[in-house]
Amino acid sequence: MTTGQHRAAQPETGPPEEEPLPTIAEQMADQLGGWRGLVESSIPVVVFVVANIIGDLRPAVIASVAIALLIAGLRLAQRRPIRHAVNGLFGVGIGAAIAWRTGDERDFYLPGILYGIGYGIALLISAAIRQPLVGWIWSVLVAKGRSEWRDDPKLVRTFTQLTVLWGVVWLAKVGVQAGLYLAHQDTALGVARLALGYPPYALLLLITVWTVRRVTRESQPTPLPGA
């Protein structure tokens, strides 16, 4: 057998095909925890708002923490991912502890307000220094740790613009809650916490995924005819 024949007999091995990105729906479902995650993360806050309207602060605190613990326990027993349940329990637990200590029901929402302010400011700062936080979060959650977008000026610009959008929206919705907090509008604050929670987040996530996928497709070289 000649060398040429030996080489011809070997199968050609090209670069391995990259695993396709999840669909927009799959990425949103993962981040939001699906419909079940949405409902479960909202139940403790709903319980607190309702229980606080019809009763006193402390029963409302106990009820919200108890339901958060129950949800986390059920997920654990069913061997389901508990990330969203634990996050919800952590947030409810801190707010409940502060409200219990101060005796002021509006303090239940204070950790979320402070977290939102810090997150919004961090987003805007990261965009200002050309290290857009949305881009790095994309690398971790979607791109499996890859950060090739840093070498593409168009993607850097896109992630910077998206990061500014996230920061502005985040500070706007937290500003509404902070205004209600300072005005001692406790019931309205609870309603705002629910209304301004997942809906803006889902919309921002949809815009982000759609925009990045569109820009990524436009950045890919067009194959030559007959290639």
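What percentage of the 227 residues in the protein chain is made up by buried residues? In this predicted model, buried residues account for 34% of the 227 residues in the protein chain. The secondary structure of the chain comprises ten helices and zero strands, so that, read from the N terminus, the elements run α-α-α-α-α-α-α-α-α-α. Among the contacts in the chain with a separation of 6 or more, 70% are accounted for by residues 24 or more positions apart.

**Helix packing**

Val 164 lies in helix α8 and, with a relative accessibility of 35%, counts as partly exposed. Leaving aside neighbours within four places in sequence, Val 164 is in contact with Leu 124 and Ala 127. The C-alpha atoms of Val 164 and Ala 128 are 8.7 Å apart in space, although the two residues are 36 residues apart in sequence.

**Aromatic pairs**

Where rings count as a pair if their centres lie within 6.5 Å, the count comes to eleven aromatic pairs. Two of them are set out below.

| Pair | Centre to centre | Angle between planes | Class |
|---|---|---|---|
| Trp 138 and Phe 159 | 6.1 Å | 55° | tilted |
| Trp 170 and Tyr 201 | 6.2 Å | 70° | edge-to-face |

Trp 138 lies in helix α7 (residues 133-141) and Phe 159 in helix α8 (residues 153-182), so this pair ties together parts that are 21 residues apart in sequence. Are the two partners buried or exposed? Trp 138 is buried, with a relative accessible area of 11%, and Phe 159 also counts as buried, at 1% relative accessibility.

The rings of Trp 170 and Tyr 201 have their planes at 70°, and because planes over 60 degrees apart count as edge-to-face, the pair falls into that class. This pair links distant parts of the chain, with Trp 170 in helix α8 and Tyr 201 in helix α10 (residues 198-219), 31 residues apart. Trp 170 counts as buried, at 9% relative accessibility. Both Trp 170 and Tyr 201 belong to a cluster in which ring pairs link them with Tyr 115, Tyr 119 and Trp 166.

**Charges over rings**

Which residue lies over the face of Trp 170? Lys 173 takes that place, at 3.9 Å from the ring centre of Trp 170.

How values were computed:
Residues are numbered from 1 along each chain as its sequence is written. This is a predicted model: local features need pLDDT of at least 70, side-chain atom pairs count only at pLDDT 80 or more; totals for chains, interfaces and linings use all residues. Side-chain values use heavy atoms; hydrogens and water are left out. Rings of Phe, Tyr and Trp (its six-membered ring) pair if their centres lie within 6.5 Å; planes under 30 degrees apart count as stacked, over 60 as edge-to-face and the rest as tilted. Helices (H or I, at least four residues) and strands (E, at least two) are DSSP runs, numbered from the N terminus. Buried means under 20% relative accessible area, exposed over 50%, partly exposed in between (1.4 Å probe, protein chains only). A charge sits over a ring if NZ of Lys or CZ of Arg is within 6 Å of the ring centre and within 35 degrees of the ring normal. Contact means heavy atoms within 4.5 Å.
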